[in-house]
Amino acid sequence: MMSITWDDFEKIEMRVGTIMEVTDFPKAKKPAYQITVDFGELGIKKTSAQITALYDKESLIGRQVVAVVNFPPKQIANFFSECLIMGVYTDKKT
């Protein structure tokens with residue numbers, strides 16, 4: 001594992017947002033959703049997440065999530081991801 005400095009950590013901007021929309025992402029290599037998150041005054045950002053085995057789309061609407069919002073956009077197939085929703089590793093399959 002590579003260590004980072006405190007200065008590296010201070011560059012990461014994490015915000016709480018509310019999931020507004022979740023759709024299937026059929027062009028992703030691995031099963032994923034396209035997710036729209038409202039970050040309040042920061043605005044609305046889109047992302048993709050490989051969480052289809054853990055959550056159904058309807059259960060995600062209205063949930064609050066923590067996301068890194070200052071990564072540059074990343075193209076995934078025909079979609080641009082604008083943030084990264086944070087999660088916790090688990091070995092659960094449901």
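**Notes on the pocket and the nonpolar patch**

1. Met2 sits in the segment before helix 1. Bear in mind that this is a predicted model.

2. Met2 also belongs to a nonpolar patch on the surface, together with Ile4, Trp6, Phe9, Ile12, Met14, Val16, Val66, Phe71, Leu84 and Met86. Taken together, these residues have about 1100 Å² of accessible area. Helix 1 (6–10) gives at least two residues to the nonpolar patch, and strand 1 (14–24) likewise gives at least two.

3. On to the pockets. The largest pocket comes to about 1100 Å³ in volume. Its lining is made up of 40 residues, and those nearest the centre are Ala49, Gln50, Ile51, Ile85 and Gly87.

4. What is the make-up of the lining of the largest pocket by class? There are 22 nonpolar residues, with nine polar and nine charged ones besides. As for secondary structure, at least two lining residues come from each of strand 3 (44–49), strand 4 (64–68), strand 5 (74–76) and strand 7 (84–85).

5. Strand 5 is also where you'll find Ile76. Is Ile76 exposed, partly exposed or buried? Its relative accessibility is 27%, so Ile76 counts as partly exposed, between the 20% and 50% cut-offs.

Notes. Residues are numbered from 1 along each chain as its sequence is written. This is a predicted model: local features need pLDDT of at least 70, side-chain atom pairs count only at pLDDT 80 or more; totals for chains, interfaces and linings use all residues. Side-chain values use heavy atoms; hydrogens and water are left out. On a 1 Å grid over the protein atoms alone, a cavity is a set of points where a 1.4 Å probe fits but cannot get out, and a pocket is an open set with protein on both sides within 12 Å along at least five of seven lines; lining residues have an atom within 4 Å of a point. Grid points are joined across faces, edges and corners, and a volume is the space filled by probe spheres set on the points. Helices (H or I, at least four residues) and strands (E, at least two) are DSSP runs, numbered from the N terminus. Ala, Val, Leu, Ile, Met, Phe, Trp, Tyr, Cys and Pro count as nonpolar, Asp, Glu, Lys and Arg as charged, and the others, Gly among them, as polar. Patches are made of residues with over 30% relative accessible area and no salt bridge: like charges are joined within 9 Å, nonpolar side chains (Val, Leu, Ile, Met, Phe, Trp, Tyr) within 5 Å. Accessible areas come from the Shrake-Rupley method with a 1.4 Å probe; for residues, only the protein chains shown count as cover. A salt bridge is a side-chain nitrogen of Lys or Arg within 4 Å of a carboxyl oxygen of Asp or Glu. Buried means under 20% relative accessible area, exposed over 50%, partly exposed in between (1.4 Å probe, protein chains only).
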